[in-house]
Amino acid sequence: MGRFEVQLPVPPTLRPVRTDANTDYYEVVQRRARREILPGLKTTVWGYNGAFPGPTIRARRGRRVVVRHANRLDVPTVVHLHGGRTPSEHDGFPMDLIRPGRSRTYVYPNEQRPATLWYHDHAMDRTGPNVWMGLAGMYILEDELEDRLPLPKGEHDVPLIIQGRKFGPDGELVYSTDNHDGAPADTVLVNGAPWPRMEVARRKYRFRILNACNANILKLALSTDEPFVQIGTDGGLLPAPVRIREIPLAEAERVEVVIDFAEYPIGTKVVLQDLKQSIGGQRDLMRFDVAREARDDSLVPGRLREVEPIPEGEAVRTRQFAFDQRIAFKSLTNVDRQMTIDNKPFDPDRVDADPRLGDVEIWKFQGGDDHTAHVHLVQFQVVSRNGQPPGEHERGWKDTVQLGGEVSVIARFEGYRGKYVLHCHNLEHEDHYMMARFDVV
Ligand SMILES: [Cu+2]
């Protein structure tokens with residue numbers, strides 16, 4: 001299909017069914033729906049309220065969000081708030097399934113730094129297909145401190161959810177694990193629309209960009225060769241803005257950038273590109289069409305939000321996790337290629353690490369650059385990448401990091417005791433056991 005024909009949609013903000021002094025209550029129905037994603041065709045999706053992607057939840061720091069999810073699909077589901085500091089029983093452990101016809105209520109305390117989070121499926125063995133079919137949405141956490149910054153707001157603060165997908169000629173989604181290498185994709189969707197375009201004014205916009213692909217690692221750039229002004233990472237705002245031309249963005253990573261379209265004359269077309277051409281060899285993701293003049297009171301201040309480094313000296317323990325694969329012989333003729341951490345496939349009943357509540361630990365992730373490590377519960381800081389300082393794009397708070405050699409991160413395991421997981425965010429790797437359980441004790 002053609003490029004830049006469809007207008008960029010923005011997922012609607014979910015309205016609470018009720019609120020009280022300290023809590024907003026939401027209800028979500030996970031259900032099938034038929035949506036027009038590719039012009040002229042209907043696609044069956046499994047969506048939060050039937051939407052693809054799901055509606056955006058906007059939360060305030062210190063104010064609880066309670067979401068009741070009803071599963072009206074034919075498959076078990078689990079909901080995980082990615083990047084959330086969430087009590088274990090609400091975190092979406094892969095075995096805490098919502099069976100078809102049942103429901104479950106998740107409680108999010110929102111006692112953490114404001115950030116661009118997202119919620120998505122996390123069901124044992126079937127996260128890949130569940131997310132592929134649509135079970136993913138944005139969750140934006142804010143507070144007064146961030147309100148007071150003069151950054152672009154309102155309609156100029158735009159989420160961009162990038163997803164690679166594959167469709168059949170009938171318009172239906174086509175899913176394959178590709179022997180657990182990762183679902184092959186050839187179609188770029190942004191906010192659920194193929195290669196969309198967005199008309200912008202000559203002013204600054206804040207974009208919250210999420211790589212919600214199952215198995216595509218991107219490298220973002222602008223066709224004009226102008227740098228992005230990066231203001232945030234997975235875990236919220238950086239201490240100071242960074243000018244950066246290319247931003248690697250692995251599965252589940254988020255980056256927040258400001259683009260000032262006042263740098264371009266009206267009529268300019270600015271294409272957001274993936275220099276890795278990871279989605280079916282496609283370089284183009286979406287296009288911004290500079291269409292009109294506008295007043296702009298927004299600013300990118302030189303200081304955004306303090307990020308206090310966790311001193312390495314506070315670490316009481318160092319653990320290593322090797323992301324790899326192995327061949328398991330189920331029988332002489334039944335050979336299974338398993339994705340593993342420390343040569344072990346995921347076992348929900350085996351505890352692979354047991355940090356104590358409040359302890360600081362250094363975790364070293366080893367493995368190929370096709371893997372992406374995500375740790376639940378905590379935000380960490382990247383200490384080093386192959387002995388060098390972390391990349392410019394991955395300073396600040398992170399919960400997901402692309403591998404490639406050895407990446408060391410440091411985290412304080414605070415918040416809650418209980419069972420959590422770390423795993424590869426290539427969802428087909430995750431489903432085929434590249435996951436480990438850790439218990440905060
Ligand atoms: Cu992996």
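A salt bridge is here a side-chain nitrogen of Lys or Arg within 4 Å of a carboxyl oxygen of Asp or Glu. By that criterion R58, E142, E146, D157, R206, R208 and E256 are linked in a network of salt bridges, and a search of the whole structure finds 40 salt bridges. The model is predicted, so that local features need pLDDT of at least 70 and side-chain atom pairs count only at pLDDT 80 or more, while totals for chains, interfaces and linings use all residues. Residues are numbered from 1 along each chain as its sequence is written, and side-chain values use heavy atoms, with hydrogens and water left out.

**Copper site**

- The copper ion is coordinated by H371 through ND1, C424 through SG and H429 through ND1, at 2.0 to 2.1 Å; donors are N, O and S atoms within 2.8 Å of the metal (3.2 Å for Na, K and Ca), and because water is not among the atoms, sites may look incomplete.
- H371, in the loop between β24 (360-367) and β25 (372-375), and H429, in helix α3 (residues 427-431), are 58 residues apart, and the pair links distant parts of the chain; helices (H or I, at least four residues) and strands (E, at least two) are DSSP runs, numbered from the N terminus.
- H371 is buried at a relative accessible area of 5%, and H429 is likewise buried, at 0% relative accessibility, where buried means under 20% relative accessible area, exposed over 50% and partly exposed in between (1.4 Å probe, protein chains only).

- R208 and E142, both among the members of the network, form a salt bridge in which the closest N and O atoms are 3.8 Å apart.
- Because R208 lies in strand β14 (residues 204-211) and E142 in strand β9 (residues 136-142), this pair ties together parts that are 66 residues apart in sequence.
- Both R208 and E142 are buried.

**Two further salt bridges**

- D289 forms a salt bridge with R287, with the closest N and O atoms 2.7 Å apart.
- In this pair D289 is buried, with a relative accessible area of 8%, and R287 is buried as well, with a relative accessible area of 16%.
- The side chains of D352 and R350 also meet in a salt bridge, at 2.6 Å from N to O.
- Here D352 is partly exposed, with a relative accessible area of 23%, and R350 counts as partly exposed at 22% relative accessibility.
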